[in-house]
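Hi everyone, thanks for coming. Let's walk through a structure together; have a look at it first.

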Amino acid sequence: MLMLIKLELFKIFSKWRTYIGFISIFVLIPLIHIALYFEGKKLIELGTQALSGGFNLSGNLLNGFMATRIILQSFYVHIPLLVALVAGDMLAGEATSGTYRFLLTKPISRLQIISAKYISGVIYVASLLVILMILSLGVGILIFGTGDMIIVNSNITILKEADSLWRFYYSFGYAFLSMLVVYSFAFMFSAFVENSIGPIMATMSLIIVFSILNILGGGVFVHIQPFLFTTHMQNWKGLFDNPIDYAEINTSVAIMIAHIVLLTTLTFVYFTKKDINS
């Protein structure tokens with residue numbers, strides 16, 4: 001099994017599309033850091049303008065924690081595409097290259113083959129987010145230092161420096177779980193088609209449609225929203241509330257895990273019964 005996973009990882013990292021995600025992260029995050037370095041103070045002043053009249057704001061407001069939260073919020077839009085680019089090719093790529101029959105006639109069970117493919121894809125997603133965390137949180141702290149973090153939404157939350165770092169660790173863990181849902185959708189679509197473009201487009205279209213349903217939020221859509229994974233992907237922001245609504249976070253985590261289990265089960269069942277003679 002370990003050898004199969006190594007083989008699948010070799011396949012993943014031998015394709016140029018795999019590196020699009022890493023290149024994007026290595027290019028965009030330094031650009032965001034540079035922009036915040038020169039314009040970040042103006043951004044902070046604009047965001048806290050309503051507070052300046054009644055509060056005396058001091059200290060290092062533009063710090064690595066603030067920069068990381070801005071980056072994480074921005075990349076939640078882009079990471080699903082980077083994940084789908086690889087996941088959509090995991091199974092459909094075999095059909096496109098004509099290696100399905102050769103692969104499935106090996107003296108290895110189909111369950112082992114698809115498990116190795118799925119696990120190797122999970123490793124790719126994890127590596128993508130680890131790089132994102134290192135470049136955003138690690139480099140952000142080196143450049144901007146640390147300090148208290150002010151979050152201005154419908155409510156104003158001030159998190160002490162000592163109470164901030166662990167929230168980011170959980171946030172990146174939450175992001176990993178969210179991206180696994182995206183990965184599982186693209187992986188499932190990849191099992192049903194013979195061209196990797198289809199799963200990528202289907203996954204991104206699904207995210208767009210579900211996101212629109214989240215925005216509409218009226219009538220019958222109110223009853224649908226709790227079951228859409230896009231509703232729960234954004235709940236990582238709740239980790240920066242004070243106090244944290246753990247019941248809501250746990251519900252979101254449970255629903256996303258249910259999505260992963262259901263999608264993976266459907267994919268595995270279909271793949272193990274897939275007709276390779278057609």
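**A threonine in a helix**

Let's start with T203, which sits in helix α8; helices here are DSSP runs (H or I, at least four residues) and strands are E runs of at least two, numbered from the N terminus. Before going on: this is a predicted model, where local features need pLDDT of at least 70, side-chain atom pairs count only at pLDDT 80 or more, and totals for chains, interfaces and linings use all residues. Residues are numbered from 1 along each chain as its sequence is written, and side-chain values use heavy atoms, with hydrogens and water left out.

Is T203 buried or exposed? T203 counts as buried because its relative accessibility is 1%; buried means under 20% relative accessible area, exposed over 50%, and partly exposed in between (1.4 Å probe, protein chains only). Not counting residues up to four places away in sequence, T203 touches A84, V182, F185, A186 and F189, where contact means heavy atoms within 4.5 Å.

As for L132, its contacts are I25, I29, I71, L72, F75, I79, L137 and F172, leaving aside neighbours within four places in sequence.

Thanks, and I'm happy to look at any of these residues again with you.
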